[in-house]
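Colleague: I would like to learn how to read a few features of a model. Could we start with the aromatic rings?

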Amino acid sequence: MKQKNRRHSKIIDIVRAEQIETQDELTARLNEEGFNATQATISRDIKELQLVKTLTSENRYRYSLPSGSNSSQPLLPAKFLGIMREGIISVEQAQNLVIVKCYSGMAQGVCAAIDSLERDDVVGSIAGDDTIFLAARDNTFAKKIIDNIKDTVNM
(Lines give C-alpha, C1' and ligand atoms only; values in the text may rest on other atoms or scores of the structure.)
Protein backbone atom coordinates (compact mmCIF):
# COMPACT_ATOMS: atom_id res chain seq x y z
CA MET A 1 0.00 0.00 0.00
CA LYS A 2 1.31 3.47 -0.84
CA GLN A 3 2.52 5.70 1.99
CA LYS A 4 -0.25 8.24 1.35
CA ASN A 5 -2.95 5.55 1.42
CA ARG A 6 -1.53 4.10 4.66
CA ARG A 7 -1.46 7.60 6.18
CA HIS A 8 -5.05 8.26 5.08
CA SER A 9 -6.13 4.95 6.57
CA LYS A 10 -4.40 5.79 9.87
CA ILE A 11 -5.99 9.27 9.91
CA ILE A 12 -9.42 7.69 9.52
CA ASP A 13 -8.66 5.23 12.34
CA ILE A 14 -7.46 8.02 14.64
CA VAL A 15 -10.39 10.33 13.88
CA ARG A 16 -12.87 7.53 14.51
CA ALA A 17 -11.27 6.51 17.82
CA GLU A 18 -10.14 9.81 19.34
CA GLN A 19 -11.29 13.37 19.77
CA ILE A 20 -8.78 15.26 17.63
CA GLU A 21 -9.37 19.00 17.77
CA THR A 22 -6.49 20.47 15.74
CA GLN A 23 -4.20 19.69 12.83
CA ASP A 24 -1.27 19.87 15.24
CA GLU A 25 -2.83 17.14 17.41
CA LEU A 26 -3.41 14.97 14.36
CA THR A 27 0.17 15.56 13.15
CA ALA A 28 1.54 14.59 16.57
CA ARG A 29 -0.58 11.40 16.68
CA LEU A 30 0.54 10.39 13.21
CA ASN A 31 4.18 10.99 14.14
CA GLU A 32 3.66 8.77 17.21
CA GLU A 33 2.39 6.06 14.85
CA GLY A 34 5.57 6.31 12.77
CA PHE A 35 4.40 8.63 10.00
CA ASN A 36 6.72 11.56 9.31
CA ALA A 37 4.04 14.07 8.35
CA THR A 38 4.11 17.86 8.35
CA GLN A 39 1.20 20.13 9.18
CA ALA A 40 0.94 21.11 5.49
CA THR A 41 0.63 17.45 4.49
CA ILE A 42 -2.04 16.88 7.13
CA SER A 43 -3.93 19.93 5.90
CA ARG A 44 -4.03 18.44 2.37
CA ASP A 45 -5.04 15.04 3.76
CA ILE A 46 -7.92 16.60 5.71
CA LYS A 47 -9.16 18.26 2.54
CA GLU A 48 -8.83 15.08 0.43
CA LEU A 49 -10.59 12.96 3.08
CA GLN A 50 -13.25 15.67 3.43
CA LEU A 51 -12.97 15.64 7.21
CA VAL A 52 -15.24 18.09 8.98
CA LYS A 53 -15.25 19.70 12.40
CA THR A 54 -18.23 18.74 14.52
CA LEU A 55 -19.36 19.97 17.92
CA THR A 56 -19.07 17.43 20.74
CA SER A 57 -21.32 17.13 23.77
CA GLU A 58 -18.58 18.95 25.73
CA ASN A 59 -18.97 21.98 23.40
CA ARG A 60 -15.61 21.34 21.76
CA TYR A 61 -14.90 20.82 18.10
CA ARG A 62 -13.30 17.65 16.74
CA TYR A 63 -12.49 16.21 13.35
CA SER A 64 -14.91 13.60 12.06
CA LEU A 65 -15.70 11.79 8.84
CA PRO A 66 -18.17 13.34 6.42
CA SER A 67 -21.78 12.40 7.00
CA GLY A 68 -22.81 9.23 5.22
CA SER A 69 -19.39 7.62 5.68
CA ASN A 70 -19.22 4.20 7.23
CA SER A 71 -16.50 1.72 8.01
CA SER A 72 -17.62 -0.81 5.41
CA GLN A 73 -17.00 1.49 2.46
CA PRO A 74 -13.54 2.92 1.83
CA LEU A 75 -13.30 6.67 1.51
CA LEU A 76 -12.33 7.95 -1.92
CA PRO A 77 -10.62 11.26 -2.52
CA ALA A 78 -13.18 13.73 -3.88
CA LYS A 79 -11.62 13.80 -7.36
CA PHE A 80 -11.94 10.01 -7.73
CA LEU A 81 -15.47 9.99 -6.37
CA GLY A 82 -16.46 12.64 -8.92
CA ILE A 83 -14.85 10.71 -11.77
CA MET A 84 -16.72 7.55 -10.79
CA ARG A 85 -20.07 9.30 -10.38
CA GLU A 86 -19.74 11.17 -13.68
CA GLY A 87 -18.20 8.34 -15.69
CA ILE A 88 -20.07 5.14 -14.84
CA ILE A 89 -23.17 4.17 -16.81
CA SER A 90 -23.71 0.60 -15.61
CA VAL A 91 -22.10 -2.29 -13.73
CA GLU A 92 -22.75 -5.97 -14.50
CA GLN A 93 -21.43 -9.35 -13.43
CA ALA A 94 -20.25 -12.19 -15.68
CA GLN A 95 -19.26 -14.89 -13.20
CA ASN A 96 -16.10 -13.59 -11.50
CA LEU A 97 -15.78 -10.61 -13.88
CA VAL A 98 -17.25 -7.19 -13.20
CA ILE A 99 -17.94 -5.18 -16.34
CA VAL A 100 -18.19 -1.43 -15.83
CA LYS A 101 -19.64 0.54 -18.75
CA CYS A 102 -18.54 4.19 -18.86
CA TYR A 103 -19.09 7.20 -21.05
CA SER A 104 -16.69 7.32 -24.00
CA GLY A 105 -13.17 8.26 -22.88
CA MET A 106 -13.90 7.86 -19.15
CA ALA A 107 -12.96 4.22 -18.50
CA GLN A 108 -9.25 4.88 -17.84
CA GLY A 109 -10.02 7.51 -15.19
CA VAL A 110 -12.73 5.44 -13.54
CA CYS A 111 -10.43 2.42 -13.49
CA ALA A 112 -7.67 4.49 -11.85
CA ALA A 113 -10.18 5.52 -9.17
CA ILE A 114 -11.18 1.91 -8.55
CA ASP A 115 -7.53 0.80 -8.51
CA SER A 116 -6.72 3.47 -5.91
CA LEU A 117 -8.91 1.60 -3.43
CA GLU A 118 -6.39 -1.29 -3.52
CA ARG A 119 -9.15 -3.81 -2.87
CA ASP A 120 -8.04 -7.33 -1.94
CA ASP A 121 -10.98 -8.84 -3.81
CA VAL A 122 -9.92 -7.34 -7.18
CA VAL A 123 -7.06 -9.34 -8.67
CA GLY A 124 -6.73 -7.24 -11.82
CA SER A 125 -8.28 -4.58 -14.00
CA ILE A 126 -8.23 -3.61 -17.67
CA ALA A 127 -9.70 -0.39 -19.05
CA GLY A 128 -10.47 0.49 -22.63
CA ASP A 129 -12.17 3.63 -23.90
CA ASP A 130 -15.61 2.99 -22.42
CA THR A 131 -15.40 -0.42 -20.69
CA ILE A 132 -13.56 -1.78 -17.65
CA PHE A 133 -13.07 -5.45 -16.80
CA LEU A 134 -12.39 -6.18 -13.14
CA ALA A 135 -11.33 -9.72 -12.27
CA ALA A 136 -12.65 -10.72 -8.84
CA ARG A 137 -11.34 -13.59 -6.74
CA ASP A 138 -14.67 -15.41 -7.22
CA ASN A 139 -18.35 -14.84 -8.05
CA THR A 140 -19.22 -13.82 -4.49
CA PHE A 141 -16.52 -11.15 -4.46
CA ALA A 142 -17.72 -9.92 -7.86
CA LYS A 143 -21.18 -9.33 -6.39
CA LYS A 144 -19.66 -7.42 -3.45
CA ILE A 145 -17.60 -5.26 -5.81
CA ILE A 146 -20.73 -4.42 -7.82
CA ASP A 147 -22.68 -3.54 -4.68
CA ASN A 148 -19.83 -1.33 -3.47
CA ILE A 149 -19.55 0.49 -6.80
CA LYS A 150 -23.32 1.01 -6.96
CA ASP A 151 -23.33 2.37 -3.38
CA THR A 152 -20.42 4.68 -4.20
CA VAL A 153 -22.01 6.18 -7.29
CA ASN A 154 -25.60 6.05 -5.93
CA MET A 155 -26.95 3.74 -8.67
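Modeller: This is a predicted model. In general, two aromatic rings are described by the distance of their centres and the angle of their planes. Here the count of aromatic pairs comes to 0.

Colleague: Which residue lies over the face of Tyr-63?

Modeller: Lys-53 does, at 4.9 Å from the ring centre of Tyr-63.

Colleague: Now a helix. How should I read which way its residues point?

Modeller: An α-helix has 3.6 residues a turn, so residues three or four places apart point the same way. Take helix α2, residues 23-32: its buried residues are Gln-23, Leu-26, Thr-27, Arg-29 and Leu-30. Seen down the axis of α2, these buried residues fall within an arc of 165°, so they line one face of the helix.

Colleague: Which residues are exposed on the other side of α2?

Modeller: Asp-24 and Glu-32 are exposed there. For this reading, buried means under 20% relative accessible area and exposed means over 50%.

Colleague: Next, cavities. How many of 30 Å³ or more does the structure hold?

Modeller: The structure holds 1. The volume of the largest cavity is about 30 Å³.

Colleague: Which residues line the largest cavity?

Modeller: The lining consists of Met-84, Ile-114, Leu-117, Arg-119, Ile-145, Asn-148 and Ile-149. Helix α6, residues 139-153, gives the largest share of that lining, with 3 residues.

Colleague: How do the residues of the lining divide into nonpolar, polar and charged?

Modeller: In the lining of the largest cavity, 5 are nonpolar, 1 is polar and 1 is charged.

Conventions: Residues numbered from 1 in each chain as written. Predicted model: local features only at pLDDT ≥ 70, side-chain atom pairs only at ≥ 80, totals over all residues. Heavy atoms only, no water. 1 Å grid on protein atoms, 1.4 Å probe; cavity = no way out; pocket = protein on both sides within 12 Å on 5 of 7 lines; lining within 4 Å. Points joined across faces, edges and corners; volume = space filled by probe spheres on them. Helix = DSSP H or I, 4+ residues; strand = E, 2+ residues; numbered from the N terminus. Nonpolar A, V, L, I, M, F, W, Y, C, P; charged D, E, K, R; others polar. Phe/Tyr/Trp six-rings, centres within 6.5 Å; stacked < 30°, edge-to-face > 60°. Lys NZ or Arg CZ within 6 Å of the ring centre and 35° of its normal. Buried < 20%, exposed > 50% of the residue type's maximum accessible area, 1.4 Å probe, protein only. Arc of directions from axis to C-beta.
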